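This briefing goes through one protein chain, topic by topic. Please keep the sequence and the coordinates at hand while reading.

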Amino acid sequence: AGFGILVSRDYRRVIPAGMLFAVSVMAGGLVLSYYLDLPAGATIVTLGTLLYFVALGIAKGAARR
């Protein structure tokens, strides 16, 4: 739900956003690991971490405006 809190302050949207993020990262990580011939678990974790920090940077940048 950490990602959901970054993209929405409405609790009704936090959980679905977090679920969508998790499923997207899992699917994307599996696809990347298949095509790049990398371990699936490490790819999923790396992709999730990368996307979370990108979203955090965008949220922090938007908050400054």
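Phe53 counts as exposed because its relative accessibility is 53%, and the cut-off for exposed is over 50%. Phe53 forms an edge-to-face aromatic pair with Tyr52, one of two aromatic pairs in the structure. The model is predicted, and the chain has three helices and zero strands.

**Aromatic pairs**

- A pair of aromatic rings is described by the distance of the centres and the angle of the planes.
- For Tyr52 and Phe53, the centres lie 5.8 Å apart and the planes make an angle of 75°.
- Tyr52 has a relative accessible area of 28%, so this residue is partly exposed.
- The other pair joins Tyr34 and Tyr35, with 5.2 Å from centre to centre and 80° between the planes.
- That arrangement of Tyr34 and Tyr35 is edge-to-face, and both residues are exposed.

**Overall fold and confidence**

- Read from the N terminus, the order of elements is α-α-α.
- Taken along the principal axes, the C-alpha atoms fill a box of roughly 40 × 25 × 15 Å.
- The chain has 65 residues, and buried residues make up 22% of them.
- The accessible surface is about 5000 Å², and carbon and sulfur atoms account for 70% of that area.
- Of the contacts between residues at least 6 apart in sequence, 31% join residues at least 24 apart.
- The mean pLDDT of the chain is 87, and 98% of the residues score at least 70.
- Confidence is lowest in helix 1, with a mean of 73, and highest in helix 2, with a mean of 91.

**Helix 2**

- Helix 2 covers residues 11-36.
- With 26 residues at 1.5 Å a residue, helix 2 should span 38 Å; the C-alpha atoms at its ends are 37 Å apart, so the two values agree.
- Which residues of helix 2 are buried? They are Val14, Ala17, Gly18, Phe21, Val25, Gly29 and Ser33.
- An α-helix has 3.6 residues a turn, so residues three or four places apart point the same way.
- The cover over the buried residues of helix 2 includes helix 1 (2-7) and helix 3.

**Ser33 and Thr43**

- Ser33 is in helix 2, whereas Thr43 lies in helix 3.
- Ser33 has a relative accessibility of 8% and therefore counts as buried, the cut-off being under 20%.
- Thr43, at 9% relative accessibility, is buried by that cut-off too.
- Where does the side chain of Ser33 reach a backbone oxygen? The contact is with the backbone oxygen of Leu30, at 2.9 Å.
- The side chain of Thr43 reaches the backbone oxygen of Pro39, at 2.7 Å.
- Leaving out residues up to four places away in sequence, Ser33 touches Leu38, Pro39, Ala40 and Thr43.
- With that exclusion applied to Thr43, its contacts are Gly29, Leu32, Ser33 and Leu38.

**The loop after helix 2**

- Helix 2 is followed by Asp37, which sits in the loop between helix 2 and helix 3 (40-64).
- Is Asp37 buried or exposed? Asp37 is exposed, because its relative accessible area is 69%.

- Val45 is in helix 3.
- Val45 has a relative accessible area of 54%, so this residue is exposed.
- Val45 and Val25 lie 20 residues apart in sequence, and their C-alpha atoms are 8.3 Å apart in space.

Notes:
Residues numbered from 1 in each chain as written. Heavy atoms only, no water. Helix = DSSP H or I, 4+ residues; strand = E, 2+ residues; numbered from the N terminus. Buried < 20%, exposed > 50% of the residue type's maximum accessible area, 1.4 Å probe, protein only. Polar contact = N/O pair within 3.5 Å; in protein donor to acceptor, adjacent residues only side chain to side chain. Contact = heavy atoms within 4.5 Å. Expected span 1.5 Å × (residues − 1). Areas by Shrake-Rupley, 256 points an atom, 1.4 Å probe, with all protein chains shown as cover. pLDDT = per-residue confidence, 0-100. Phe/Tyr/Trp six-rings, centres within 6.5 Å; stacked < 30°, edge-to-face > 60°.
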